[in-house]
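This report describes how parts of one protein chain are packed against each other. Please look at the sequence and the structure shown here before reading on.

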Amino acid sequence: MVSKEKYTVILPTYNERRNLPIIVWLLNRTFTEHELDYEIIIVDDASPDGTLEVAKQLQKVYNPSHIVLKPRPGKLGLGTAYVHGLAHATGSFVIIMDADFSHHPSSIPSFIRIQKETNCDIVTGTRYAGQGAGVHGWDLKRKLVSRGANIFADTVLRPGVSDLTGSFRLYRREVLEQLVKEVAGKGFMFQMELMVRAKAGGWKVEECPIRFVDRVYGESKLGGDEIVEYAKVGRRPCQSGSK
């Protein structure tokens, strides 16, 4: 796969010092093997475990043109981390994903292929539809929380995607820039509202089956309180200035 496009990966981090070197290595290998131009923007929220120091070492190894550091002074939320990283993105497409291996970089070529074949604006990973999709490493509680959130979305918000709570996506940069101006949510709910507003605004969205593996180190971001906050999306007007 050869492309003239440049791809920006935004990696928000908090206490990911053990995960970060491996995920960056995997990302570099994926883009290099497919002859794709890329940059990885690491947005670290003052991790007490020294994640930023690890990121600085990675920047020396992979070159500042590929590893861009945009740290923040404290833990300010997942949604604002994406906005912060986006402000520094130079790629024509932006990939948002987790740094904990729950999203494997090997899926990125499939995201890019789907975007090129369909000329869509967004490709979103789904754990619940398509050949090869699935979830590994979750206990029953986690599965119920995630599936419950998506059932709620399908019946109330009708987003038109099978995995609204997923957070592995590829966006046209200009589309993501427009959407973040409209989103009111923060934290994990930010991702869900992005998709609701994208569909309401008429942007073309395609899905890519992914295998989701529970994080190797650290704690999951999705809990019951996030679902309560997420429900508020359905009561906000989705007025998009997209098209």
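The model is a predicted one.

Helix α3 spans residues 78-86, and its buried residues are L78, G79, A81, Y82, G85 and L86. Viewed down the axis of α3, these buried residues fall within an arc of 160°, so they line one face of the helix.

## F190 in helix α7

F190 belongs to helix α7. Is F190 buried or exposed? F190 has a relative accessible area of 3% and is therefore buried, since the term applies to values under 20%.

Leaving out residues up to four places away in sequence, F190 touches G79, Y82, V83, V180, V183 and G185. Of these, G79 and Y82 are also among the buried residues of α3. V180 stands ten residues from F190 along the chain, and the C-alpha atoms of the two are separated by 8.9 Å.

In soluble globular proteins, nonpolar side chains tend to be buried together. The largest nonpolar core in this model has 34 residues, and those with the most contacts inside it are L11, I23, L27, F31, I40, I95 and M97. At least two residues of this core are supplied by each of β1, α1 (20-33), β2, α2, β3 (67-69), β4 and α4 (108-118). The largest share, six residues, comes from α1. Apart from this core lies another, of 29 residues, including L78, V161, F190 and V196.

Neighbours within four places in sequence aside, I95 is in contact with Y7, T8, V9, I10, F31, I108, F168, R169 and L170.

## D45 in a loop

D45 is located in the loop between β2 (37-44) and α2 (51-62). With a relative accessible area of 6%, D45 is buried.

Which backbone atom does the side chain of D45 reach? The side chain of D45 comes to 3.0 Å from the backbone nitrogen of L76. Apart from neighbours within four places in sequence, D45 is in contact with T13, Y14, R72, G74, K75, L76 and G77.

Notes. Residues are numbered from 1 along each chain as its sequence is written. This is a predicted model: local features need pLDDT of at least 70, side-chain atom pairs count only at pLDDT 80 or more; totals for chains, interfaces and linings use all residues. Side-chain values use heavy atoms; hydrogens and water are left out. Helices (H or I, at least four residues) and strands (E, at least two) are DSSP runs, numbered from the N terminus. Buried means under 20% relative accessible area, exposed over 50%, partly exposed in between (1.4 Å probe, protein chains only). A polar contact is a pair of N or O atoms within 3.5 Å; within protein, one must be able to donate a hydrogen and the other to accept it, and residues adjacent in sequence count only if both atoms are side-chain atoms. Contact means heavy atoms within 4.5 Å. The arc is that of the directions from the helix axis to the C-beta atoms. A nonpolar core is a set of buried Ala, Val, Leu, Ile, Met, Phe, Trp, Tyr and Cys residues joined through side-chain atoms within 4.5 Å.
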